[in-house]
Amino acid sequence: MFEIIDRVKPGLQKLIAALRETYPYASVLAVADDSRSWSISSGGINISASGRGGGTGYVVRVFDGTGCAEYSFNEFSEERIPAVRETLARRLAEQGEALEGFAPLPTPVPADEPAVLKKESAGLVHPRELGDEAVVKKLTALRQKALGMDKRILDAQAAVSYRSCRKLFLSENRDLDQTLMWTTASVVAMASRGQEIKIAYHPFSVLGGAELLDEMDAGVEGVVHDALELLESRPIVPGEYECVCDPEVTGMIVHEAFGHGVEMDMFVKDRAQAREFIGRYVASPLVTMHDGSAVDEAATMFFDDEGTLAGDTVIIDKGVLRTGICDALSAARLGVAPTGNGRRESYERKAYTRMTNTYFQGGDSSRSEMIASVKDGFLLEAPSSGMEDPKNWGIQCMVTTAREIRDGKLTGKLFSPIVLTGYVPDLLKSVTMMSKAPELCGSGFCGKGYKEWVKVSDGGPCMKARIRLG
């Protein structure tokens, strides 16, 4: 279904050649998109072909040495080349008029070193091959299993979605072609006791296809157990505690506490404190932070939406902040190399610096050793949401569950919901133990502010730190 890319490629190459007659740099990103989601709950069955991919279309970008202009459209033929050239010329002229009397940001022409690539991610079973009936049957069975486990389960939901896309990036010296597919899923259980209702959620994700459905069955018992446990939870006494974070909570801290703060388009706008801390200790020597495609998860890609090849960016190296992550335009303005983090919500949207697979590296301890080392604290599980202030390095996150630890043992007492707050460097410098194997999950999306949603993955090992809870 992505053959349209092959059909339009010769014409797009002619478009690049035509634009290069006028501009020192020109590129085009072509996207062919396919997505689908299924869910079942007490509200019924929902099947949707809409997703966050944004559909099939094209975005052209040119630099003239002073400014940059873009033009997106959803249909292309060679006959449109003159109209595209005219539109880009007009937009550059309008930018110049709008900036009259102001000092514009420097906009260097990007490097365009030769690169050729054609790759695709591996998916064992394409969800479309199963068909709607088979997927709904599987989700129905999962929901019925959850409902049948305990009479206190008021409702259960099972959902799965996928996105498959092909992206072609062309410039004078680059010919990059990638086909990617991710699948995510969730099982939700709602437990009730009188007027009290508690909800538990288990996510699943894979850089692949419908093979993920086979993993969901094993998660049903756990999510029902968690929902019933939450009926016995109580509010926590606010304070600072020794905490052991499970990999998902570690991932939320990676993403919210530090990930947004090192997006270097915020450096250009002077909206991130991290810019002043490059080369300085911002965390415990046990903390090493990565972003990129060194691991295979839902946010993995082979090149970004600006034609920069993906790799592994070490952001924090043994506690020292080494670099941020950046898109090509921000990198040019800052005088650094782009890291392959220029991402668009769709072909109609601007490229921003965005995280991909972001995680803390593993250490030498075990989860049981961490728990045994805690005198008075909590095991934190099941993050739900979070936000960060990159300018002041504040963090506020929600965690569903805190399990009490006393004298190195879990007491069985449960506290919920939990608000996790603090100053990011204080939290990261308090890290004293990391477990060996990092785990990532790519079930969610990340917005830039309140919009511009893209698929991300985050995680890490279990992590011990002092954290303010409330």
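User: What counts as a polar contact, and which side chain does Glu 242 join in one at 3.3 Å?

Analyst: A polar contact is a pair of N or O atoms within 3.5 Å, where, within protein, one must be able to donate a hydrogen and the other to accept it. The model here is predicted. In it, a polar contact of 3.3 Å links the Glu 242 side chain to that of Lys 464.

User: Which residue has its backbone nitrogen 3.3 Å from a polar atom of the Glu 242 side chain?

Analyst: Glu 242 sits in strand E9, residues 239-245. Beyond its neighbours within four places in sequence, Glu 242 is in contact with several residues, including Ser 373, Asp 376 and Arg 466. The backbone nitrogen that lies 3.3 Å from a polar atom of its side chain belongs to Lys 375.

User: Is Glu 242 buried or exposed?

Analyst: Buried means under 20% relative accessible area. The relative accessibility of Glu 242 is 19%, so Glu 242 counts as buried.

User: With which side chain does the side chain of Ser 330 make a polar contact?

Analyst: The cut-off for such a pair of N or O atoms is within 3.5 Å. At 2.7 Å, the side chain of Ser 330 makes a polar contact with the side chain of Asp 327.

User: What separates the C-alpha atoms of Ser 330 and Ser 48?

Analyst: Along the chain, Ser 330 and Ser 48 are 282 residues apart. Their C-alpha atoms are separated by 36 Å.

Note on methods: Residues numbered from 1 in each chain as written. Predicted model: local features only at pLDDT ≥ 70, side-chain atom pairs only at ≥ 80, totals over all residues. Heavy atoms only, no water. Helix = DSSP H or I, 4+ residues; strand = E, 2+ residues; numbered from the N terminus. Buried < 20%, exposed > 50% of the residue type's maximum accessible area, 1.4 Å probe, protein only. Contact = heavy atoms within 4.5 Å.
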